[in-house]
Amino acid sequence: MTKIMPYKNVTDAMSNLDNGGRFYNILTKADDGIISKSELGKVGGVFSDKQKMMLFFELSISKLDQENRNSIISKLEENLQKLYFKYKAIELLPSEANTKGIIASNAIITGIPQLIQSKNDFNGFIMTPVISGNVTTFVMMPLIDMYDVYELRDEKSDKNFLIAHAKKTEKLPEKKIKVAGVLKELKSDKNDTQAAKIFLEAIYHMEIK
């Protein structure tokens, strides 16, 4: 999971985001007042996944006031503005995520993460693609085998919500943070046809100061 350092002002944001893109994007110019897909992809390190790209952008400008955020959003090229509003994340507390979260949508959830250490303490399965030659099949795999799984605790209600991110990455600090990602289905049994609950596939996190 990538830690995001949000921009502190519009000048810093535009100097980083309006960057000219990669060297072979010859039609994209730095400092022209327009943020293109290649420029946003360059700074976010995400080029093909538009949903993750918009999530990165939203977190990166989250510390600016609304007027300045609107100013930066208006600099996105037209198709990126449409994507921004299409994938705009809903901000939730852990106590709200199960009832207000929408599967496959972006979400930003604030809480205190606690790593689930033992497989005996957790049971949940996700559908995982397996590719063999030109054939793709899907199998049910334990979530805890695929990810590091955390309970994100709500300070006010002491309720938890599950978040997960790729293994072999730096562990999350046990303090209040914002975690951003995509909401996905979690099933309680391999043979379940419907999701028992949802979890957040965490992609980015940001410290709260």
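Helices (H or I, at least four residues) and strands (E, at least two) are DSSP runs, numbered from the N terminus. You're looking at a predicted model, where local features need pLDDT of at least 70, side-chain atom pairs count only at pLDDT 80 or more, and totals for chains, interfaces and linings use all residues. Residues are numbered from 1 along each chain as its sequence is written, and side-chain values use heavy atoms, with hydrogens and water left out.

**Confidence**

- The protein chain has a mean pLDDT of 88, and 93% of its residues reach 70 or more; pLDDT is the predictor's confidence in each residue, from 0 to 100.
- Helix H4 (residues 66–73) has the highest confidence in the protein chain, at a mean of 96, while strand E4 (residues 125–132) has the lowest, at 80.

**Glu-58 and its partner**

- Glu-58 counts as buried, because its relative accessibility is 9% (buried means under 20% relative accessible area, exposed over 50%, partly exposed in between, with a 1.4 Å probe and protein chains only).
- Leaving aside neighbours within four places in sequence, Glu-58 is in contact with Tyr-84, Lys-88 and Ala-89, contact being heavy atoms within 4.5 Å.
- Glu-58 also forms a salt bridge with Lys-88, with the closest N and O atoms 3.1 Å apart (a side-chain nitrogen of Lys or Arg within 4 Å of a carboxyl oxygen of Asp or Glu).
- That pair links distant parts of the chain, 30 residues apart: Glu-58 sits in helix H3, and Lys-88 in the loop between helix H5 (78–86) and strand E2 (90–92).
- Lys-88 is partly exposed, at 43% relative accessibility.

**Other salt bridges**

- The structure holds ten salt bridges.
- Glu-201 and Lys-184 meet through their side chains in one of them, at 2.9 Å from N to O.
- Glu-201 lies in strand E9 (residues 197–207) and Lys-184 in strand E8, so this pair ties together parts 17 residues apart in sequence.
- Glu-201 is buried, with a relative accessible area of 14%, whereas Lys-184 is partly exposed at 32%.
- Glu-78 and Lys-82 form a salt bridge too, at 3.8 Å from N to O, and both residues are exposed.
- Because Glu-78 and Lys-82 are four residues apart in helix H5, about one helical turn separates them.
- Lys-3, Lys-175 and Glu-207 are linked in a network of salt bridges.

**A loop proline**

- Pro-173 is found in the loop between strand E7 (160–166) and strand E8 (177–186), and is partly exposed, with a relative accessible area of 27%.
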